[in-house]
Amino acid sequence: MSIPNCQTTEDVAAGIRRRVFLHSMRNNGGYLSQACSAAESLALLYNEVLKLGEPTLPKVPLPFAGVPSAHNPDAFTGAGYHGPFAPEYDRFIISPAHYALVIYSALIQMGRMDEHALDHFNRDGGSVEMIGAEHSPGMEVTTGSLAQGLSMGSGIAWARKRKGEPGKVWVYMSDGEFQEGQTWETLAAMSYHNIDNIRVIVDVNRQQCDGAMSSVLDLGDLPARVAAFGATTCSINGHDLEAMRDAANSAEPGKPLVILANTSPFQGMPYLQKRFPRLHYVRFKSKAEREEMQTAIAADLGVDLAEI
Amino acid sequence: MVELVNRPYAKAFETFATARPEVLCLSADLTSSCEVDGFRDRHPDQFLSLGMAEQNMLSFAGGLAMQGFRPFLHTFSVFLYRRAYDQLINSIAYSNRKVRLMGFLPGITTPGGITHQAIEDISVMRAIPNMTILETGDATEVETVLEVADAIDGPVYVRVLRGEVPRLFSTPFEFNKLRTLSEGDDVLVVTSGVCTEEALRAAEPLKARNVGVHHLHVSTLKPFDRDGLIKAARGKKGIVTLENHTIVGGLGSLVAEILAEEGLGVRLKRLGLQDTFAHGASKPYLMKKYGLDASALTNAIGQLLGRDLDIADAEFETARLDAVHSAQKAEAL
């Protein structure tokens, strides 16, 4: 990859948390806990694991160019921030589209997007949508109706294998998606068809919109369930980079690889624990509440309050 | 006597797909029911079995299409849009993927009852942006629809006829063009799918009573040959649509929309399922019961013309083609 990059993966993870925090404070709310749980996984992927070419879209995000159709040659997807489609490069499918702010922050931290790209976040007529659309930076397909990313990624992987392409397909998922039946349909299909060029990282933060998964629809022994479907399954600490590196290298021939990254929804921002179990989207009910959180998390992250 | 063709889709698909390596045949456990079992056995490299898991199959197909393959999905019509509607929208239609949804046993052509009868598929599919809808009405259209569907830049849903299929037409499926089967001055009859064969049974008795029928067969439902319809509708005393589908949202509705927008002011009768579910029984039984047959058509024409046409069922029988069709119930699912 020709993008100059001297950051450690730890630095990238810290940068993701810092950017998501600053943006959420400046905009009176945001998907903070997803930055806490996902920072290390995404930092590792973008900084070390994914084989991506240089971005093909401008660093400053383009306005929305209209929905895809046979009559709209201008439509584009956010895949351009992951570089060109070429046999040797990986594809990266992000299934939980509500992690968009975290993804954008990662792309900025990696130098794939402009430092001020978040100024375009959630602006009418822009492409940097609050819930990532397929034209939003980093989004390659339409996800967000959960569990479809894995199926589409499997189709892409099968096709790439058939064509003999060395590039892999990585899929980022949230653990809530294992409540959807489609996820299990896909695991069965991946195993049956020996789709072994796909790598799945799941943010197992045990949180969903209604609160803790244990209070909504608990998935029991998720590693055993996934393994029973025939995937090579690694259940590791999602904040332990060394464990994640080992897991990323543990694919076996003939089998899909599923890495269950067990994470904390307040990793790096312990103050957020006070909000448990309502962590899906953090907003503030009062100025005082906001200031208390701002001061506490800024201290956690080593952010200068003047930056906000 | 009309020629009956045995399993026209089986042969047509094999010829079509083997000449195009980027075409993939996907199936969801109804491989022989969709006449692609021979293809599976002879061309396993172009065949993908995805099991009884339509949600995954549709999204998976979206991924295949992204990589330049052109997946043709084979299952019963109902299973392509009911259970997997969200996948159809988000993994296929929005992104305008070249995925071809080959729907078998449309409408009441299956004895499978509510769970198997796609009676609102056209209505649902019409509402989806980027979607193209084709419907075959005879063996020639079944044989020639594949190339038409494959040429479309975007997703395509096709209602396919299987088993013993009559050959009504001598020219191939032509995209977005109405077929003129007769020209007359009194009424316009617009039919699609298996209902076209049924309407043809009424041609002789109507002719014998000096009723001038302009008969159009529709094989492209979306987009629609608007100009062809307007031209034929102008000056008629009435219009009848006849479809193997609910009258809500399908052929009858789209004809009504065009007539209203053009301000033609011609009376319209929509024949088809009258906003009701059907049930499991033979095709001839259901067509009679729900008013999708030749007798329902001539009654509607009589009402529009203010005439009692007095056609006995025996007169239709002379033109009846489905001595073999009645055996189709036995093939079940």
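Visitor: What makes B:Gly302 a helix residue, and which helix is it found in?
Guide: B:Gly302 sits in helix H13, residues 294–305 of chain B. Bear in mind that this is a predicted model.

Visitor: Why is B:Gly302 called partly exposed?
Guide: Count the C-beta atoms: B:Gly302 has 18 others within 10 Å.

Visitor: Now B:Glu35. What is noted about its phi?
Guide: Phi is positive, about 60°, although B:Glu35 is not a glycine. The residue is in the loop between E2 and H2 of chain B.

Visitor: How do you know whether B:Glu35 is buried or exposed?
Guide: It has 24 other C-beta atoms within 10 Å. The buried cut-off is 20 or more, so B:Glu35 counts as buried.

Visitor: And B:Asn210, buried or exposed?
Guide: Exposed: B:Asn210 has 8 C-beta neighbours inside 10 Å, and 12 or fewer is enough for that label. Its phi is also positive, about 60°, and it is not a glycine either. You'll find B:Asn210 in the loop between helix H9 (203–208) and strand E11 (213–218) of chain B.

Visitor: Which peptide bond at A:Pro277 is called cis, and what is its omega?
Guide: The one from A:Phe276 to A:Pro277, with omega near 5°. A:Pro277 belongs to the loop between strand E8 (257–262) and strand E9 (282–283) of chain A.

Visitor: What about B:Pro223, which residue is joined to it by a cis peptide bond?
Guide: B:Lys222, with omega about -5°. B:Pro223 is in the loop between strand E12 (220–222) and helix H10 (226–233) of chain B.

Visitor: Which residues of helix H1 of chain B are buried?
Guide: In H1, residues 8–18, they are B:Pro8, B:Tyr9, B:Ala12, B:Phe13, B:Phe16 and B:Ala17.

Visitor: Why say that the buried residues of H1(B) line one face of the helix?
Guide: Look down the axis of H1(B): the buried residues fall within an arc of 125°, so they line one face. Among the elements covering them are strand E1 (4–6), strand E2 (23–27), helix H2 (37–42) and helix H7 (139–150) of chain B. Strands E7 (156–160) and E8 (164–166) of chain B are also included in that cover.

Visitor: How is chain B divided into domains?
Guide: Domain 1 covers 4–166 and domain 2 covers 179–331. Their centres, taken over C-alpha atoms, are 26 Å apart.

Visitor: How many residues of the two domains of chain B are in contact?
Guide: 28 residues of domain 1 are in contact with 33 residues of domain 2. On the domain 1 side, helix H6 (121–126), strand E6 (132–135) and E8 of chain B each supply at least two residues.

Visitor: What makes A:Val102, A:Ile259 and B:Leu297 stand out in the largest nonpolar core?
Guide: Of the 187 residues in that core, these three touch the most other members. Helix H2 (residues 32–49) of chain A gives the core the most, 11 residues. Domain 1 (4–166) and domain 2 (179–331) of chain B each give at least three residues to this core.

Visitor: Which residues is B:Leu297 in contact with, leaving aside neighbours within four places in sequence?
Guide: B:Val189, B:Ala199, B:Ala202, B:Val240, B:Leu242 and B:Leu271.

Notes: Residues numbered from 1 in each chain as written. Chains lettered and ligands numbered in written order. Predicted model: local features only at pLDDT ≥ 70, side-chain atom pairs only at ≥ 80, totals over all residues. Helix = DSSP H or I, 4+ residues; strand = E, 2+ residues; numbered from the N terminus. Arc of directions from axis to C-beta. Contact = placed C-beta atoms within 7 Å. Domains from an automatic or database assignment. Core = buried A, V, L, I, M, F, W, Y, C linked by C-beta atoms within 7 Å.
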